[in-house]
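Visitor: I would like to go through the terms used for this model and ask what each one rests on.
Guide: Go ahead; the structure comes up first.

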Amino acid sequence: MSLRVLTERLVVSGHERAVTNLLRKLQSKALSAPGFISSEPLRDLNEPHKMLVMSSWQSVEAWKKWSQNQERKVIAEEIEKHLSNPTMHRVMQPPRHDVFLL
C-alpha cells in the first residue's frame, strides 16, 4: 500500500533560499530512488518560515531505504544547519476503508 511522508521544517528567517535550493537537490536525488512516486513542496501562508514536503512512496520499505540513503543524509544534514528546530517526519497512509474525511 502506498504512503505519504509529511516532512516539516522550520527555517531560520533569511535562510529560505538556501533551504529551497537544497530541497531541489534532494528532490532530484529522490527521483531515482526505488519506490519514490512524487513530492510536493508547500509553504505555510500564515507562517512563511514553515516549509513542508509531501512525498509519496510505494511502500514503507521504500521510504525507510530512502531515509537511510547516504546522499540523502548529507543533504539533510546541510538543511538542518538552516533550521530553528529539527526536521519532523510523519509517515501516513490512507484509511483502509473508503471513508470521506474532511
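Visitor: What makes the largest nonpolar core a core, and which residues have the most contacts inside it?
Guide: In this predicted model, the largest nonpolar core has 19 residues. The set is called a core because its members are buried nonpolar residues joined through side-chain atoms within 4.5 Å. Val19, Leu23, Trp57, Trp63, Trp66 and Ile79 have the most contacts inside it.

Visitor: Which helices and strands each supply at least two residues of this core?
Guide: They are strands E1 (3-10) and E3 (50-57), with helices H1 (16-30), H2 (60-67) and H3 (70-80). H1 gives the largest share, 5 residues.

Visitor: What does Val19 touch, leaving out residues up to four places away in sequence?
Guide: Val19 is in contact with Val11, Met51, Ile79, His82 and Leu83.

Visitor: Why is the aromatic pair of Phe36 and Trp57 called edge-to-face?
Guide: The planes of Phe36 and Trp57 are 70 degrees apart and the centres 5.1 Å. The centres lie within 6.5 Å and the angle is over 60 degrees, so the pair counts as edge-to-face.

Visitor: What parts does this pair tie together?
Guide: Phe36 is in strand E2 (residues 36-43) and Trp57 in strand E3, so the pair joins parts 21 residues apart in sequence. Phe36 and Trp57 are both buried.

Visitor: Why is the pair of Trp57 and Trp66 called stacked?
Guide: For Trp57 and Trp66 the angle is 25 degrees and the centre distance 6.2 Å. That is under 30 degrees and within 6.5 Å, so the pair is stacked.

Visitor: Which residues do ring pairs link into a cluster?
Guide: The cluster consists of Phe36, Trp57, Trp63 and Trp66.

Technical notes: Residues are numbered from 1 along each chain as its sequence is written. This is a predicted model: local features need pLDDT of at least 70, side-chain atom pairs count only at pLDDT 80 or more; totals for chains, interfaces and linings use all residues. Side-chain values use heavy atoms; hydrogens and water are left out. Buried means under 20% relative accessible area, exposed over 50%, partly exposed in between (1.4 Å probe, protein chains only). Helices (H or I, at least four residues) and strands (E, at least two) are DSSP runs, numbered from the N terminus. Contact means heavy atoms within 4.5 Å. Rings of Phe, Tyr and Trp (its six-membered ring) pair if their centres lie within 6.5 Å; planes under 30 degrees apart count as stacked, over 60 as edge-to-face and the rest as tilted.
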